[in-house]
Amino acid sequence: MIRRALVLGAGGAAASSWELGMIAGLADAGIDVRNAGRLVGTSAGSRVAVQVASELPLEDLFERLVDPDKSVKESAPKVDFRKLKEDYVRAKQGEGGDHGFLLRMGALAMSAPTMSESDRRNEIDAQLPMRSWPERELFIVAVDAQSGERRVFERAAGVELNAAVAASGAAPGMSPTIGIEGRRYMDGGVYSTDNADLTEGCQRVLILALKSGVPKTCVVSLDEAVEKLRGGGAQVVVVHPDAATEEAFKAVGGNILDPAVRAGAARAGRGQGRSGAAASVASLWQ
């Protein structure tokens with residue numbers, strides 16, 4: 001049985017920066033969550049999971065977020081967010097239940113004008129510190145845009161790590177779907193922003209996740225997954241951004257996808273990891 005699992009949720013540049021900052025802050029407090037036996041990454045969280053699995057020094061990873069000379073240059077997606085939110089709400093309110101919703105989101109993902117798939121893959125390449133799957137358990141989650149089925153990528157599947165991460169973060173209407181084995185894939189956050197249920201069977205589970213937006217645009221909520229995990233006997237700690245982190249998000253207009261949020265979110269996350277979250281995580285992890 002795997003003793004510890006680390007779940008890294010979706011949420012664009014804000015989530016990935018805050019999560020890595022949190023992990024660095026926890027390490028400052030003497031809590032190294034990188035030794036998790038299972039890593040689960042969804043969307044932005046998949047990139048953090050790969051960074052954690054790479055075992056590069058945390059300070060190097062952190063500096064890539066806060067030092068402009070070391071960070072990967074990336075522009076914010078040019079999207080009409082008001083219209084996109086309306087599209088998401090219509091998809092959620094349509095017929096066919098959860099499956100119908102996922103199919104409508106898939107149709108939106110495949111039809112929306114975005115950057116090219118090759119350009120998106122190149123962006124992901126620049127952000128990943130490794131090209132091959134690690135030996136430890138790493139689950140990266142995406143959704144088949146054509147069938148609406150969740151797909152969990154791992155080393156044994158034989159899929160390129162870059163492709164799996166790009167697919168996991170292919171937000172409908174914002175990023176291109178990613179072709180893998182003749183199928184088109186979109187963001188795993190459409191199914192669940194965290195996919196924490198994939199830690200079933202693990203004894204201790206730490207979940208780093210942004211607070212759910214309104215309206216919810218996924219099928220399975222974090223609360224549902226946590227209740228089930230605890231019902232199965234797991235110890236679970238969920239950490240959301242604190243007030244300082246939320247202020248960092250607001251400082252760039254609240255657009256969690258804007259790379260300009262990275263430095264502030266990373267620093268706020270590190271502060272939260274050192275102090276506010278350290279006690280609860282220590283009791284779980286140690």
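Select Glu135 to begin: this residue is exposed, with a relative accessible area of 66% (exposed means over 50% relative accessible area, buried under 20%, partly exposed in between, with a 1.4 Å probe and protein chains only). The model is predicted: local features need pLDDT of at least 70, side-chain atom pairs count only at pLDDT 80 or more, and totals for chains, interfaces and linings use all residues. Residues are numbered from 1 along each chain as its sequence is written, and side-chain values use heavy atoms, leaving out hydrogens and water.

Arg155 and Glu135 form a salt bridge, with the closest N and O atoms 3.6 Å apart (a side-chain nitrogen of Lys or Arg within 4 Å of a carboxyl oxygen of Asp or Glu). Arg155 lies in the loop between β4 and α7 and Glu135 in the loop between α6 and β3, so the pair ties together parts 20 residues apart in sequence.

Now go to helix α4, residues 81-93, where Lys83 and Asp87 lie four residues apart (helices are DSSP runs of H or I, at least four residues, and strands are runs of E, at least two, numbered from the N terminus). Their side chains meet in a salt bridge of 3.1 Å, N to O. Lys83 is partly exposed at 44%, whereas Asp87 is buried at 13%. Asp87 also forms a salt bridge with Arg90, at 2.3 Å.

Last, select Ser46 in helix α2, residues 44-54. Ser46 is buried, with 0% relative accessibility.
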